Amino acid sequence: MKSLIYKSTLLLLTAGVMTSCDVLDLEPLDSYTEDVIFSDGALTEAYVTKFYTYPKNGFNEMSHRYFCDEAMSNFNNNNAWQIEQTGYTPDMMGFFNMWKEYYTNIKNINIVFNNLENLDRVPEPDRSTLIGEATFFRAFFYLDLISHFGGVPLITRTFELDDPEMMVARNSYDEVANFCVKEFQKAADLLPLKQTGGDFGRLTKGSALAYKARTLLYMASPLNNPSNDRQKWQAVADACEELFALNQYSLDPDYQGLFYNHMSPEIIFQRLYNTEFGHWFNWYNQPNGYLGWSYTCVTQEMVDSYEMEDGTMPDPTPYMDPSNPSDLYPWANRDPRFYATVVCDGQNFVNRPVEYWVNEDGKTGGLDSEYSGTENWNYSKSHYSIRKFAAEDITAPRAVRASNPWIYCRLAEIYLIYAEAKYMLGDDATARTYVNKIRERARGGRQDILPDVTESGDALMEKIRHERKVELAFEEQRWYDVRRWKIGKETQSGMFHGMNIIRKADGSKVYYLKDLQDRSFEDIHNLVPLPASEINKNDLLIQNPGY
């Protein structure tokens, strides 16, 4: 699609935080009738472009990483700690209170489909692309709704205030999921293979096929496929192969760098930003000594998910006795992805080594500790922070927005989806091949570390799950994986930990684990409850079991 209103409209693709002066802060329908908007290509593009600002992402203050074993929120915003520890309730949804917002988004998208006759006046291929974008985004929100709540009302039209059919019951999970699969395929048929020039960053055929594959993966997983229907896994594999056949994507050789490179050949769907319309990820997540807020307190359990270079798992035993701290450096010789993802004491970050240590006197400490001379209210309670996504050229995180993209989907995820599907179909060899493609890139050119996966059977499935946890860390994947695999009782329950670092008078350091947060997880937490406010408004809505 040729960009018809590039200066005023496509800024939305790079708008991280929209300001009141932005032209599209006002809904187009406030100023124009639907007939006018959807018979004009420029106005229709402006209306549809706003959909790109709707999806949540991990640059926000709150995200899914705080509600799984990756991290703890440094602050109790929106009852985060209570939800992390005991789960959500219909009256305490916090971050997960997305029902109204998502259905508002879906309503705005349905307006496009109410005006298809008017869109006939928009020339091709612009018309098909705009319909493809609207089709994708509506399926996107329904996929996220059913991934949280299970079955939800499937609404594909708008309602008048006095419409007798406004109160709608929940459709089943399978009904909505099958709708999403068909819609993503429809979007793929309408969207272009590539977007270039002023349209770069908009959806493509590959974006839609990738989300079709993700939807089918969720449908085939234990939570939603208790009988382990083999045909569902075959559909997952077929969808991945359909994407591979496009020959549009390849693994980026630079694992750390791809999260700062909107031109990376690995990216399938991303949210673009620029310095004017940027995001505040650095402000929220840099350590306190850098004037960040340390929102993402990475857990020791996540840290210890990163293998040693020889493929063995790290041993936490030396650090478990606070009365006998260990002088063994805890983070040597790890999977290179660890150093690209997590900030720990002594690592160089931005322009100096990180100082999470506390002196033996227990009253003074490093610049990034609870006794920082800079700021200490915002120190990381786990003494870890997140490096992934943090733009290290920003030294004033409260004044300068970051412009690196949020990546919703990349080729490595599709490789891991394919590996899981082929394993479930009994093809261990192909599953190993695609896992090992990921590990080869992780080696960063070295051949003496991270040996190939050679396991079969149950052990291979554990390797696939482990690779997803590490490769896709903090990319808004783990929360969904834990639930679709139904492993929350094993991975999300019990005491989570951080690391205490004590610096002695001679400058040497000792280390021991610290209790961070005691959590519980029950099977009912695989689904989020419907908000009490929605149940109270609609007698046809039935609450999820256990709530």
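## The largest cavity

Helix α7 contributes the most to the lining of the largest cavity, with four residues; helices (H or I, at least four residues) and strands (E, at least two) are DSSP runs numbered from the N terminus. The model is predicted: local features need pLDDT of at least 70 and side-chain atom pairs count only at pLDDT 80 or more, whereas totals for chains, interfaces and linings use all residues. Residues are numbered from 1 along each chain as its sequence is written, and side-chain values use heavy atoms, with hydrogens and water left out.

The volume of this cavity is about 270 Å³. On a 1 Å grid over the protein atoms alone, a cavity is a set of points where a 1.4 Å probe fits but cannot get out, while a pocket is an open set with protein on both sides within 12 Å along at least five of seven lines; lining residues have an atom within 4 Å of a point. Grid points are joined across faces, edges and corners, and a volume is the space filled by probe spheres set on the points.

Of the 19 lining residues, F140, D144, R214, E476 and Y480 lie nearest the centre of the largest cavity. At least two lining residues come from each of α7 (126-149), α9 (205-220) and β9 (406-410). The lining comprises 10 nonpolar, four polar and five charged residues; Ala, Val, Leu, Ile, Met, Phe, Trp, Tyr, Cys and Pro count as nonpolar, Asp, Glu, Lys and Arg as charged, and the others, Gly among them, as polar.

## Other cavities

The whole structure holds four cavities of 30 Å³ or more.

## The largest pocket

Two or more lining residues come from α5 (99-113) and from α19 (532-537), with α5 giving the most, seven. By class, the lining has 11 nonpolar, four polar and six charged residues.

Y418 lies in helix α14 (residues 411-424). Its relative accessibility is 6%, so Y418 counts as buried (under 20%; exposed is over 50%, partly exposed in between, with a 1.4 Å probe and protein chains only).

Beyond residues up to four places away in sequence, Y418 touches A237, C240, E241, F244, T430 and Y434, a contact being heavy atoms within 4.5 Å. The side chains of Y418 and E241 make a polar contact at 2.6 Å.

Key
Polar contact = N/O pair within 3.5 Å; in protein donor to acceptor, adjacent residues only side chain to side chain.
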